[in-house]
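Have the model open as you read.

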Amino acid sequence: QYNISAEHTPKVTILIPTKDRIDLLKPCLESIRSTTQYPNYEVVVIDNNSEDPHTAAYLSEIPETVLRIDTPTFNFAHINNEAAKRTSGELLLLLNNDTEPVHPSWLTTMVGTLLLDKDIGVVGSKLLYPKGQEGYRVQSVGMVVGRHWASLVQFRTEEELGYGFYNHVMRNCSAIGGACLLTTRELFERVGGLDEQKFGVDFGDVDFCLKVQQEGFRVVCNPQAEIIHHESATRGNNSGLGANVHRHEINAFEKKWGHLFGNDPYYNRHFSL
C-alpha cells in the first residue's frame, strides 16, 4: 500500500521541455490529461527556443502553464533548473515531451514509491518503445554506470522477466534517465539541481542521481509505472553509444565518476560491461 491519502497528496510539478514538435508534445499532454488519476499535479511546458508560429498558437491555447526559457544553445540542465525555480510543487517530475503514460496509476505509483521510505530520493519508471508487432519492447528499467559511461538496462519485451526479475520488480539502481525522473524539491535544491556547466546536455540525470546517493538517499526504479518513450525523438537518435554526446561532457563524467566504472553496486561485477 502506498502512503497516499486524501489528506496528503503532495503537489507534483511535471516539467516538460519542448522546442516546437507539436506532433510529440500534443499526444504527451493529452495522454497525461486523459490517463492520470493522481489528484494533485500541475504540468509546466518549458518552451525552449521554439520558432514555428504554429507552436506559439498551440501553446497559447493549452490549459497547462507555459514558461518561455530561451538559451543560446540547448542546455537541458539549465532549462529544468530555471523552471523549477519558477514553480511550487513539493515534488518535481522531469518528463520528456516524447513520452506517454500507459496506465492511470502511473503517477500515483511513482509518488507512492517516493513516499515509501524517507531514504528514497529519486524514483524512475519503466520506459517502453512504442508498441510494435511483438508488443512493447523495453527501453529502460534503470541505468548502469560504466557501460558506455552510463547505459540503460533494457529487455526485449515487456513480458520478459529479465536478470533478477529487473523487468518487473522495484529495485535500487545507480541512476534513472531524465526522460521520467521524480524527486523532491528539497533534495533537488540541496544538491544544486542539474549541473549546467559540466552536464548541460548529457549525463546530468546520472550525475544528479549519484549526487543524491552521496547525500545518503536511494535511487529506485519501479517498473509498475510504465511510460512510452519515443527515444530522443526531439533531439534525434541516440544509440546509447555516445553518438550525440559531447566530448567535454564525457571527459567530465569520467573524471568525476570514473571510479564507479566496473564497480556499480547494483550491477554484478562479474558481468562484462
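## Helices α1 and α2

Is the crossing of α1 and α2 left-handed or right-handed? The crossing of these two helices is left-handed, a term for a near helix turned anticlockwise from the far one by less than a right angle, with clockwise giving right-handed. Before going further, note that this is a predicted model, where local features need pLDDT of at least 70, side-chain atom pairs count only at pLDDT 80 or more, and totals for chains, interfaces and linings use all residues. Residues are numbered from 1 along each chain as its sequence is written, and side-chain values use heavy atoms, leaving out hydrogens and water.

Helix α1 spans residues 22–35 and helix α2 residues 53–61; helices here are DSSP runs of H or I with at least four residues, numbered from the N terminus. Their packing angle is about 15°, and their axes lie 11 Å apart. Axes are lines fitted to C-alpha atoms over the stretch in contact, with angles from 0 to 180 degrees between N-to-C directions. That makes α1 roughly parallel to α2, the label for angles under 35 degrees.

On the α1 side, I22, L25, K26, L29 and R33 make the contact (heavy atoms within 4.5 Å), and on the α2 side H54, T55, Y58 and L59 do. By class, the contact of α1 with α2 has 5 nonpolar, 2 polar and 2 charged residues. Ala, Val, Leu, Ile, Met, Phe, Trp, Tyr, Cys and Pro count as nonpolar, Asp, Glu, Lys and Arg as charged, and the others, Gly among them, as polar.

## Helices α6 and α7

Helices α6 (residues 204–214) and α7 (residues 247–257) pack at about 15°, with axes 12 Å apart. That makes α6 roughly parallel to α7, and α6 passes α7 in a left-handed crossing. V206, D207, L210, K211 and Q214 of α6 meet F253, K256 and W257 of α7.

Of the 11 residues in α6, 8 are buried, meaning under 20% relative accessible area with a 1.4 Å probe and protein chains only. Just after α6, G216 has a positive phi of about 95°.

## Enclosed parts and cores

Why is α4 largely enclosed by the rest of the structure? Because 8 of the 10 residues of this helix (residues 106–115) are buried, among them W106, M110 and L114.

The largest nonpolar core has 49 residues, of which V122, I176, V206, F208 and F253 touch the most other members. Such a core is a set of buried Ala, Val, Leu, Ile, Met, Phe, Trp, Tyr and Cys residues joined through side-chain atoms within 4.5 Å. A second, separate core of 30 residues includes V45, V123, A225 and I227.

Terms used:
Buried < 20%, exposed > 50% of the residue type's maximum accessible area, 1.4 Å probe, protein only. Parallel < 35°, antiparallel > 145°, perpendicular 65-115°, else oblique.
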